[in-house]
Amino acid sequence: MSMAGNLRKVTGLGKVGGLRKVARLARRRPRVDLSHPARSPLGSSVVNCVTYQDGARVPGCADLVDAVERVRKSGEGFVWLGLHEPTDSAFTGIAELFDLHPLAVEDAVEAHQRPKLERYGETLFAVFKTVCYVEHEQLTATSEVVDTGEIMVFVGEDFVITVRHGRHGSLGPLREELEADPQQLAKGPAAVLHALADHVVDDYLTVTDAVQADIDQVETDVFSENGARADPGRIYQLKRELLELKRAVMPLARPVEDLATRPIRVIDPEIQAYFRDVLDHLMRAKEQIAAFDELLNSILQAHLAQVTVAQNEDMRKITAWAAVIAVPTMVCGVYGMNFTFMPELHWRVGYPLVMGVMAAACLALYRGFRRNGWL
């Protein structure tokens with residue numbers, strides 16, 4: 001019997017009386033294989049559902065409820081269920097099947113949560129913010145630089161449920177990497193949680209490296225010859241996008257530290273050593289983001305200082321030219337009064353003399369201002 005047919009029933013139930021009732025209803029529906037990496041053609045929120053035992057995928061399309069019962073009876077293996085943006089009604093049956101806490105289910109469905117780690121009985125609930133660098137030909141004041149999403153993870157002793165929100169962050173490649181390492185996957189659901197945390201944090205480092213290239217470009221433009229005319233909107237846009245990245249990275253430090261140091265029943269001590277490596281990478285990303293924020297503040301202040309200096313230089317040039325023009329304006333103003341008794345008006349050399357005096361005075365002022373750097 002296919003997992004998909006049963007999952008369609010489980011996700012569509014508002015209330016489930018127990019495993020037997022779910023299984024009984026599931027047998028009445030057509031069955032679709034959801035073990036394929038692609039999403040169900042029926043449009044279900046279920047992306048993938050696979051049973052693993054001894055680090056290997058269990059072949060065949062077993063019934064979901066039967067698979068859960070079999071895993072729990074034998075005490076070996078676990079079920080990995082992947083969902084993408086499930087609705088509240090679609091998650092109800094799954095929540096009852098795996099005995100998930102209502103508050104955690106609400107967070108998983110609603111999304112827009114802070115990165116966190118919570119324990120509900122024997123189940124661990126973790127929230128990760130995923131990030132993706134948005135490629136752009138040229139950074140502008142409206143360019144999108146960082147796109148964010150979310151991944152929620154329910155971890156029990158015999159199951160892992162991943163709930164993904166957003167346009168990116170597909171877990172297909174991650175699943176393939178884990179299946180290629182059966183020894184690590186055999187360590188159980190905690191190995192999946194570690195691989196997911198490591199994958200998310202590695203994306204943080206990739207995005208910070210890409211953002212650094214944008215910051216370097218802005219810095220080069222600001223300190224170029226025409227840096228005062230650079231668009232400050234690009235700096236503000238980078239700071240806004242960096243804030244999105246900071247909201248994803250900064251709150252995750254405490255949850256990863258708890259996974260690496262605090263004793264948690266569903267986390268094997270051997271896996272905790274791997275979480276310490278994830279924490280080290282996360283702290284590196286955190287330090288880079290803090291440094292970027294300080295650097296952008298410095299670039300913005302330098303740009304504002306450049307604008308102020310450029311404005312002062314413009315004002316000095318305007319003042320210098322106004323002083324040069326003031327000399328002929330004053331002389332022409334005096335001789336424009338047309339008084340009768342002005343001896344200079346009857347001189348034969350009066351006109352060329354006045355013009356020469358104005359030219360000499362203007363030239364002297366120009367050379368003085370030029371020598372002092374005002375022109």
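**Charged and aromatic contacts in a predicted model**

Good morning. In this predicted model, R175 is a buried residue without a salt bridge, and E179, its nearest side chain of opposite charge, lies 4.9 Å away. R175 belongs to helix α6, which covers residues 172-179. Leaving aside residues up to four places away in sequence, R175 touches N48, V50, Y52, R57 and W80.

Two of those contacts lead to further features. I begin with R57, which forms a salt bridge with E179, with 2.8 Å between the closest N and O atoms. R57 is in strand β2, residues 56-57, and E179 is in helix α6, so this pair ties together parts that lie 122 residues apart in sequence. Both partners are partly exposed: R57 has a relative accessible area of 33%, and E179 has a relative accessibility of 27%.

Y52 and W80 are touched by R175, and ring pairs join Y52, F78 and W80 into a cluster.

Let me return to the salt bridges, of which the model has 16. Which residue pairs with R72? The partner is D158, and the closest N and O atoms are 3.2 Å apart. R72 sits in helix α3, residues 64-74, while D158 sits in the loop between β6 and β7, so the bridge ties together parts 86 residues apart in sequence. R72 is partly exposed at 36% relative accessibility, whereas D158 is buried, with a relative accessible area of 18%.

A further bridge joins E118 and K116, whose closest N and O atoms are 3.5 Å apart. E118 counts as partly exposed at 24% relative accessibility, and K116 counts as buried at 18%. These two residues also belong to a network of salt bridges that includes D107.

D107 brings us to helix α5, residues 102-110, where the buried residues are A104, V105, D107, A108 and V109. Against which elements do the buried residues of α5 pack? They pack against helix α4 (88-97) and against strands β4 (116-120), β5 (123-133), β6 (146-155) and β7 (159-165). After α5 comes A111, which has a positive phi, near 65°.

In one of them, the ring centres of F125 and F154 are 4.8 Å apart and the planes stand at 40°, so the pair is tilted. F125 lies in strand β5 and F154 in strand β6, and the pair links parts of the chain that are 29 residues apart. Both residues are buried, F125 at 0% relative accessibility and F154 at 1%.

W321 and Y366 form another tilted pair, with 5.8 Å from centre to centre and 40° between the planes. W321 is in helix α11 and Y366 in helix α12, so the pair ties together parts 45 residues apart in sequence. Here the residues are partly exposed, W321 at 43% relative accessibility and Y366 with a relative accessible area of 30%.

I close with the surface. M330, V334, M337 and F339 make up a nonpolar patch there, and their accessible area together is about 400 Å². M337 is located in the loop between α11 (269-335) and α12 (350-371), and counts as partly exposed at 44% relative accessibility. Thank you.

Notes: Residues numbered from 1 in each chain as written. Predicted model: local features only at pLDDT ≥ 70, side-chain atom pairs only at ≥ 80, totals over all residues. Heavy atoms only, no water. Helix = DSSP H or I, 4+ residues; strand = E, 2+ residues; numbered from the N terminus. Buried < 20%, exposed > 50% of the residue type's maximum accessible area, 1.4 Å probe, protein only. Lys, Arg positive; Asp, Glu negative; His and termini not counted. Salt bridge = Lys/Arg side-chain N within 4 Å of Asp/Glu carboxyl O. Contact = heavy atoms within 4.5 Å. Patch = residues over 30% accessible without salt bridge, like charges linked within 9 Å, V, L, I, M, F, W, Y side chains within 5 Å. Areas by Shrake-Rupley, 256 points an atom, 1.4 Å probe, with all protein chains shown as cover. Phe/Tyr/Trp six-rings, centres within 6.5 Å; stacked < 30°, edge-to-face > 60°.
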